[in-house]
Amino acid sequence: MKKLTFIAFIGCIMAALSFTSCNSDSDNSYQGLTEAEIQQCFLATRGLYNGKVVFLAENKANVNDKKDTLNVNWEITTDSTMTIYNFPVKALAEKITYNNELKEAVSKLSPRTLNCVIQYVYVTPLQFLIGPANLDYELEYGGTTHKVQFRFFWNNYSFGQYVSSAKHPMEMQIWAAALYVDGNQTSYGITPSSPVQFLFYNEK
């Protein structure tokens, strides 16, 4: 299990705090960006990023190790779209409760491409909201096939920040917020009141 450095982890948290502060200070007066400002943000951030994704995970060999870190790539392709490649879906298995067969099925899933809508909201610091698409599967467990879907928080919960001069120029977070089985929201550990956080960052 690879461990995220303390500085990098704090950097991700600071990005979250700065966004919250900036957003809350201007809730009543925020007018959105102009087309020119959106293009300015896009030109600054477009392209492919090689980085890391960090998430809480149990390490049975070391109970003090609470996080896992994996390589991941993402690409901003237009001023409103981003693609996260090799997203570690099986990391969600550990959070599934009350249904061990579903948990086992999810733990075997391969990394997945996750398509996202983005919306630039600030130029300085450059920040954007993220809207991840649902991840849909047909999984066999319990003697039958089930439609399984993971849904994510949008807007202020899932967002990114880009500072070109920083050690980790781009930092993002997204939250898996709901697990649906056969069209019904479940209480199997991944819920709006108990979401699963994924932190992303790249090295300069």
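Is Tyr49 buried or exposed? Tyr49 is buried, because its relative accessible area is 8%, where buried means under 20% relative accessible area, exposed means over 50%, and partly exposed lies in between (1.4 Å probe, protein chains only). The structure is a predicted model, in which local features need pLDDT of at least 70 and side-chain atom pairs count only at pLDDT 80 or more, while totals for chains, interfaces and linings use all residues. Residues are numbered from 1 along each chain as its sequence is written, and side-chain values use heavy atoms, with hydrogens and water left out.

A pair of aromatic rings is described by the distance of the centres and the angle of the planes. Rings of Phe, Tyr and Trp (its six-membered ring) pair if their centres lie within 6.5 Å, and planes under 30 degrees apart count as stacked, over 60 as edge-to-face and the rest as tilted. By this rule there are 7 aromatic pairs. One of them is formed by Tyr49 and Trp74, which are stacked with 5.8 Å from centre to centre and 5 degrees between the planes. This pair links distant parts of the chain, since Tyr49 belongs to strand β1 (residues 47-56) and Trp74 to strand β2 (residues 67-78), 25 residues apart; helices (H or I, at least four residues) and strands (E, at least two) are DSSP runs, numbered from the N terminus. Trp74 is buried too, with a relative accessible area of 0%.

The rings of Phe153 and Tyr157 also form a stacked pair, because their centres are 4.4 Å apart and their planes stand at 20 degrees. Within this pair, Phe153 counts as buried at 17% relative accessibility, whereas Tyr157 counts as partly exposed at 48%. Elsewhere, Phe55, Phe87, Phe152 and Phe198 form one aromatic cluster.

Rings also take part in arrangements with charged side chains, where a charge sits over a ring if NZ of Lys or CZ of Arg is within 6 Å of the ring centre and within 35 degrees of the ring normal. The charged end of Arg112 sits over the ring of Tyr137, 4.7 Å from its centre, and that of Arg151 sits over the ring of Tyr180, 3.7 Å from its centre.

The side chain of Gln149 makes a polar contact of 2.4 Å with the side chain of Arg151, and another polar contact, of 2.6 Å, joins the side chains of Gln149 and Asp136. A polar contact is a pair of N or O atoms within 3.5 Å; within protein, one must be able to donate a hydrogen and the other to accept it, and residues adjacent in sequence count only if both atoms are side-chain atoms.

Strand β5 (residues 126-132) is largely enclosed by the rest of the structure, because 7 of its 7 residues are buried. Both faces are covered, with Leu126, Phe128, Ile130 and Pro132 buried on one side and Gln127, Leu129 and Gly131 buried on the other. Two strands pair if DSSP finds at least two bridges between them, and strand β4 (residues 112-122) pairs with β5 in the antiparallel sense over 6 bridges. β4 and β5 form a hairpin with 3 residues between them, and the bridge partner of Tyr122 in β5 is Gln127. Strand β8 (residues 159-162) runs antiparallel to β5 and is joined to it by 4 bridges, with Leu126 standing opposite Tyr162 in β8.
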